[in-house]
Each structure stands twice: as C-alpha cells, then as structure tokens.
Amino acid sequence: MVEIVSEGNSVLREKAEEVPLFDITSPRIRKIIKEMSKTLARERDGVALAAPQIGESLQIFIVSGNAQNIGKGKPREIKKDLVFINPKLTKLSREKKNLPEGCLSVRFVYGEVARSVKAEITAYDENGKKTKKGVSGLMAQIFQHECDHLEGILFVDKAKKLERISKEEFKKLTHEE
Ligand code: ZN
C-alpha cells in the first residue's frame, strides 16, 4: 500500500520532472498512475493527487471521478479519474477569489488561498494524447493547487487564515455523508 507523503518530506519541495513523451504509456508510468488512483480512492475528502504526494517526483496529477461530479447534483455514475501529465497552466484569469483549501499532505490544516476563478490547462492524458481544457470554479482551483505541487509549492505557502483543526473535528468533517 502506498502512503501519502506529508509536509516536511523533501520530495514535496522539489520541482517534479517532466515525463518523456515516449514514456507516458510505459509500464512504469502506468503503474504510478494506478497507485495514485488507488491512493486517492482511499481518501474520502480527497479530490486530487499529485505524483510527488506518493513520493514520485514526476509531472503528473489526477483528479478523482467524484470531484468531477461535485456541485452537479447526485452523481449517476462514478467517472474515472482524469490524468494530467506535464501540465501547463496556459491561461489564468486575472479575477481571483479567496477559497478555502486543504491538502492530503498537510493534514488537519485549512486556509484561504487566492486562486484565479478560471484556468486553462494543456497536458497529456494517460494515453499520450495532448489535451486542452478550460475550466472554472472548483476545477480551476484544483488545477492551480496541483500544478503548485509539481513546482514544489504547498498551499500553506500561499494561504491566509491558516487554521489547525483537531483530529476529532477532522473526523466529523470527513465522515459525514
Ligand atoms: Zn495538495
């Protein structure tokens, strides 16, 4: 079982390496993406995960199928995780909002981070196909948080009003349906 790496581990502070294009569909990268999906699926409150968070300094992040359904009423189907390899934020709106944020690698801490309300990303998917996506709201926030991870930046570096909550409060927050 792969564990999520916590703040203080140097891998979270490195600039992650690009995945060579010929390597994207290799067994090694496939395995890493699979481990990321499995690891993220175990976290009830997790919406996305970057490769450095499982100790792999590579430019990969995934967004959970559940996250894609947030705010869209009752999900009919669980979508599969979206995979972003060598992502680049090609556009960020000048308009920003202070949004509450947390991180699976910085447990029990929450804060507000100013994030662009719209973002455009280009990346490769798990099949090596180049994709471009324009998003807003939660997805835009996720893209910015995850791309920060790949630069060695954690949300606590940027957050205001940081708050530490107790394990009991945390349990309440994550175990209610
Ligand atoms: Zn994070």
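Strands β2 (residues 60-63) and β3 (residues 82-92) run antiparallel and are joined by four bridges. Strands here are DSSP E runs of at least two residues, and helices are H or I runs of at least four, numbered from the N terminus. Two strands pair if DSSP finds at least two bridges between them. Val63 has Leu82 of β3 as its bridge partner. β3 is also joined to strand β6 (residues 118-124), by five bridges, again antiparallel. There, Leu89 stands opposite Ile121 of β6.

The model is predicted: local features need pLDDT of at least 70, side-chain atom pairs count only at pLDDT 80 or more, and totals for chains, interfaces and linings use all residues. Residues are numbered from 1 along each chain as its sequence is written, and side-chain values use heavy atoms, with hydrogens and water left out.

A zinc ion has Cys103 (SG), His145 (NE2) and His149 (NE2) as protein donors, at 2.0 to 2.3 Å. Donors are N, O and S atoms within 2.8 Å of the metal (3.2 Å for Na, K and Ca); water is not among the atoms, so sites may look incomplete. The donor spacing in sequence is C-x41-H-x3-H. Cys103 belongs to strand β4 (residues 96-103) and His149 to helix α2 (residues 138-150), so this pair ties together parts 46 residues apart in sequence.

Cys103 is buried, at 9% relative accessibility. His149 is buried too, at 2%. Buried means under 20% relative accessible area, exposed over 50%, and partly exposed in between (1.4 Å probe, protein chains only). In α2, 12 of the 13 residues are buried, including Phe143 and His145. Gly152 follows α2, with a positive phi near 85 degrees.
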